[in-house]
Amino acid sequence: MLDRRALLQSALLVPLMADAALAQAPAAPPPPTIAGTGGNGTLSGFLRIATDGRVTLFTTTSELGQGTHTAHAQIIADELGCALEAVTVTVGQPEPALRLAGVNEMYTGASFGIRQWAPRLRRGAAAARTVLVQAAAQRLGVPADSLSVAEGRVLHAASNRALTFGELAEAAARLPLPEMPAMKPASERRVSGSNAPRADIPAKTRGAATYGVDVRLPGMLFAVARLPEVFGAELDSFDPAPALAIPGVVQVVPIPRGLAVAATTTWAAMRGAEALVVRWKATPHDNLDSAGVSARLRAALEQPQAQRPRNDGDWEAVRAAAARVVSATYEVPYLAHAPMETENATVRITGDRAEIWAPTQHQDWCVRDVAAALNIPPANVTMHTTYAGGGFGRRLHVEVVAQAAHAARALGRPVQLIWSRADEFAQGYYRPAFAAKMEAALDASGRVTGFNIRGAGGSVMYDYRPWLFRNPNFMDPFALQSVTDTRYRFGQAFRAEYARVDLPPKVWLWRSVGSSQYGFFVESFLDEVAAAANKDPLTLRRELLAHDARALAVLNLAAEKGGWGTPLPPGRHRGIAYMEAYGSLCAEVAEISITRGELTVHKVTVAYDCGDVINPDTVAAQMQGSVVWALSAMKHEAVTLKQGRAEQRNFDSYRIARISEAPVVETHIIRSGQPLGGVGEPGVPPLAPAVCNAIFAATGKRVRQLPLAGQDLTRA
């Protein structure tokens, strides 16, 4: 891992230029203060060109398996004018150039890795290319416009002379960078937009990649957390003797929310954590169960108070005048992120400085929390971002890092703190349990004249950025995500409401966040509306999107490639769904069969428009991952509560889909030329409704609650 000192010694450093659109983003919440990291806070290097010609990109985005680092390397290689293999990507230190404008934080999420950073990366690389050309012009004594760039060299064709980037790097570093460099037109791009092998795969397949739990430091101890089982419980008392009797256990120390058992090996620490005798204080939630959660959600659907971010037309009048009103209530459970690598962090304290090694999605919050835990300036904290064994939003939550800092300070040695699998499930922050009640008004011809939806559930933003709720009118953007901004036109009236339900489990950003539940709610319900109107589900959606050529293109491509309306083998059935999320449009057609009540998803056809594409292979891989991820949640996953605690403690009780359940996923990409959209998350929401709509076609039964496990899928 290169530190800032190495960065400052590099031959050519290029600051990442602010994007005008980002600079105009809404006002930020109070930012973490880490300016001045080892310097004056104004030099923000992100691209280094060494004298040997190697190009290093200090990127803002963690590599969680989504392929962003490869895409970033493609962008740099293309715009700079060098081979893809010449570019190395590593995660930089939190500093102004690597923070998202608007929130002033360095983190990975919301499919921002490409859609927010690609323009800035291109501009920065173009600036570097510009000064390299200027340096070559001075060296060769020729006009800059007589030069060209290719394969890491600046060429003067008239004299057949060339200089490598490495030969020019030092001179280029002394030139002022242009504020608005000329970027290559899309027609000249050769590396981005084409398939490229993932840079992270070889090390991962060889077992050579360093994840958080692979970090080893001289003299370090291994610690395993012991956390309460009941949500919100606090430590009452504990007896360390049984833990200390385990060979290898060194000490038991308090950490925020619990205890850490430190030992010379992870295994000893795990055994010590299990042996530890702990008493927790009683809470008001000790008797909470899943039935009580469901009752609270459904009660909120009927309560008089709710936020109403969309209220177009007079819904009540349209409803009263309708020839028919279709209504239904849907519900989904809490979901865990269930990463293979449990929460972990390693912290080393040296005097008044600290270092963090963590598989995190939020570098700035790691630095902030460790600085606060140790009462040192954030500038004294160095962040090392490792590979992560699964993210999905889970690693935006950095509690374990502060816990590791507390343990390291108490023990006086570097400490790697790990959460057990049981704590990962029982004390993770979940996707909220949610319910929605929907009504659609139809006229006598079966056309939709109005739509009303109310969602009820926990607010992820309330737990993620609680300070935003100092404004009592603040509306959680995830509470009706993909609903308030839907491209569907529902006729004369459209009302969307949200009733917040605060419950003890913390809720968090889960892949595709609010769009995940609303994809199921809205797209399943539209199938009910189509059935009530005696229409084909595709026909209904075409009517609602008739004004929007881009959305229609996606929907029609999915229908065409998925064989909608064509004969199927006996026992096969199809369902379709469409949704827009994170700036991308996605439609999916699922082909299923049900044998003796057992569901098999044979094939999912995906049509996808994310504007432009950096690496088509990565887009296809993300669609495959999204389908399998969503399929697993739909079929099997749920965190259920009993006596104030989660009942699931491991993969034996929190079932995820097996490889044998994975369907064929066929992805068709539309390059519409629109602004870049996200790739990692938008493929998730349409899967559950597409499959559940196919189940209705097969059985006549409407699935209004997930997961499918335990439900009777035999024909009605």
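Helices (H or I, at least four residues) and strands (E, at least two) are DSSP runs, numbered from the N terminus. The model on display is predicted: local features need pLDDT of at least 70, side-chain atom pairs count only at pLDDT 80 or more, and totals for chains, interfaces and linings use all residues. Residues are numbered from 1 along each chain as its sequence is written, and side-chain values use heavy atoms, with hydrogens and water left out.

**First stop: a pocket**

A pocket is, on a 1 Å grid over the protein atoms alone, an open set of points where a 1.4 Å probe fits, with protein on both sides within 12 Å along at least five of seven lines; its lining residues have an atom within 4 Å of a point. Select H69, T88, V89, T90 and Y387, which lie nearest the centre of the second largest pocket. Its lining has 29 residues. Next, colour α3 (68–80), β4 (87–91), α7 (201–206) and β17 (381–385), each of which supplies at least two lining residues. Which element gives the most to this lining? It is β4, with five residues.

**Second stop: a sheet**

Now select the five strands of an open, mixed sheet, ordered β13-β21-β20-β19-β14. Two strands pair if DSSP finds at least two bridges between them. Strands β13 (307–312) and β14 (324–332) are at the edges with a single partner strand each, so one side of each has no neighbour in the sheet. Within the sheet, select β20 (residues 448–457) and β21 (residues 493–500), which pair in the parallel sense over eight bridges. G455 has Y498 in β21 as its bridge partner.
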